[in-house]
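My entries follow in the order in which I looked things up.

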Amino acid sequence: MSFEDEEESFEHTLLVVREVSVYKIPPRSTSGGYKCGEWLQSDKIWTGRLRVVSCKDRCEIRLEDPNSSELFAACFVPPGQRETSVETVLDSSRYFVLKIEDGTGKHAFIGLGFAERNEAFDFNVALSDHDKYVKRESDTDAAGSSAGGDDSHIEVDPVVNHRLKEGETIRINVKPKPTSGTGMLSAAGLSGAAKPKSPALSLAPPPGSGKLRSPLPPPPNDPVAARITSGGVKQDNASRKKSDPLSDLSQIEKNLPPATGSGSSTKTNAVGWAAF
């Protein structure tokens with residue numbers, strides 16, 4: 001057997017239900033569909049295991065004996081013809097009608113029942129997944145065939161030599177990293193060092209602000225402070241005498257008129273001051 005034959009014979013089990021029931025059903029009474037209420041009273045003809053098997057685009061529903069795995073019946077689901085092989089009933093979601101074949105062209109319709117609703121739901125999902133798989137594979141093959149036909153028209157550019165020639169150089173400018181700021185703040189530009197400082201506005205000082213405030217007074221009984229204070233007072237008195245013309249009265253007394261009477265010095269001074 002070749003590898004392709006082994007690949008074609010490889011089967012995928014999509015669903016296994018341990019126990020299902022098979023019923024013999026009467027012919028369809030109306031064209032609308034089957035109703036399980038009409039054939040549930042008949043005798044149950046078989047109970048066993050159900051398996052949904054997929055092999056490429058073929059899907060098969062097998063009814064097998066749970067102990068010996070002997071095949072009781074099989075329902076083949078052709079691609080795109082699920083409704084002709086598996087049909088839901090009108091009055092229940094747990095029952096279906098299967099079209100079984102014996103391989104010689106003969107077929108019959110049987111009733112299939114699940115004990116739980118979730119098992120019936122999984123049965124529907126398994127059949128839908130197989131349909132999606134077949135459609136996806138066909139689309140992939142169509143896309144591959146169309147792409148394969150256009151391969152002859154693809155133009156391939158010649159290989160370009162990007163190596164440096166003799167004497168050529170490359171200059172790379174690397175921006176220095178900021179020295180301050182780490183983490184997300186520096187990356188987002190939120191650090192204080194990254195922000196440019198605006199120039200400070202220079203304002204003229206208010207009048208009288210040039211005078212310096214006097215320092216705090218020295219502690220009492222400080223000899224150094226006492227010497228500095230006494231020297232400073234003497235110097236201040238001398239400077240005041242030089243700058244104040246009225247501080248020296250000797251010059252004014254020389255310019256006063258001489259005393260003529262024999263009055264007291266007090267009167268002379270008073271007259272002199274009045275004459276002055």
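This is a predicted model: local features need pLDDT of at least 70, side-chain atom pairs count only at pLDDT 80 or more; totals for chains, interfaces and linings use all residues.

**Entry 1**

Residues are numbered from 1 along each chain as its sequence is written, and side-chain values use heavy atoms, with hydrogens and water left out.

For the elements I kept to DSSP runs numbered from the N terminus, with helices (H or I) of at least four residues and strands (E) of at least two. I found 7 helices and 7 strands in the chain, and from the N terminus on they run α-β-β-β-β-α-β-β-β-α-α-α-α-α.

I then looked up the pairing, where two strands pair if DSSP finds at least two bridges between them. On one side I found β1 paired with β2 in the antiparallel sense over 9 bridges, with valine 22 opposite tryptophan 46 in β2. I also found β2 joined to β3 by 7 bridges, again antiparallel; valine 52 has isoleucine 61 in β3 as its bridge partner, and arginine 51 has arginine 62. The hairpin of β2 and β3 has 2 residues between the strands, and there I noted that lysine 56 takes a positive phi near 55 degrees.

**Entry 2**

I turned to strand β3 (residues 58-64), which is mostly covered, as 6 of its 7 residues are buried. I saw that β3 also pairs with strand β4 (residues 71-77), antiparallel and over 6 bridges, and that isoleucine 61 stands opposite cysteine 75 in β4. In this hairpin 6 residues lie between β3 and β4, and serine 69 in the turn has a positive phi of about 60 degrees.

**Entry 3: arginine 49**

Is arginine 49 buried or exposed? I looked this up in strand β2 (residues 44-55), where arginine 49 is found, and its relative accessible area of 18% counts as buried. What joins its side chain to that of serine 69? I found a polar contact of 3.1 Å between the two side chains, a polar contact being a pair of N or O atoms within 3.5 Å, where within protein one must be able to donate a hydrogen and the other to accept it, and where residues adjacent in sequence count only if both atoms are side-chain atoms. Leaving aside neighbours within four places in sequence, I listed the residues in contact (heavy atoms within 4.5 Å) with arginine 49, among them Val16, Arg18, Arg62, Glu64, Asp65 and Ser69.

**Entry 4: the nonpolar core**

I next looked for nonpolar cores, each a set of buried Ala, Val, Leu, Ile, Met, Phe, Trp, Tyr and Cys residues joined through side-chain atoms within 4.5 Å. The largest has 24 residues, of which Leu50, Ile61, Leu63, Val86, Phe114 and Phe123 touch the most other members. The elements that give two or more residues to this core are β1 (12-24), β2, β3, β4, β6, β7 and α3 (117-149). I followed valine 86 and, not counting residues up to four places away in sequence, found that valine 86 touches residues including Ile61, Cys75, Phe96 and Phe123.

**Entry 5: the aromatic rings**

I counted 5 aromatic pairs, taking rings of Phe, Tyr and Trp (its six-membered ring) as paired if their centres lie within 6.5 Å, with planes under 30 degrees apart stacked, over 60 edge-to-face and the rest tilted. Phenylalanine 96 and phenylalanine 114 form an edge-to-face pair, 5.9 Å centre to centre with 85 degrees between the planes. Phenylalanine 96 lies in strand β6 (residues 95-101) and phenylalanine 114 in strand β7 (residues 107-114), so this pair ties together parts 18 residues apart in sequence. Phenylalanine 114 also forms a tilted pair with phenylalanine 123, 5.4 Å centre to centre with 45 degrees between the planes.

Note on methods:
Buried means under 20% relative accessible area, exposed over 50%, partly exposed in between (1.4 Å probe, protein chains only).
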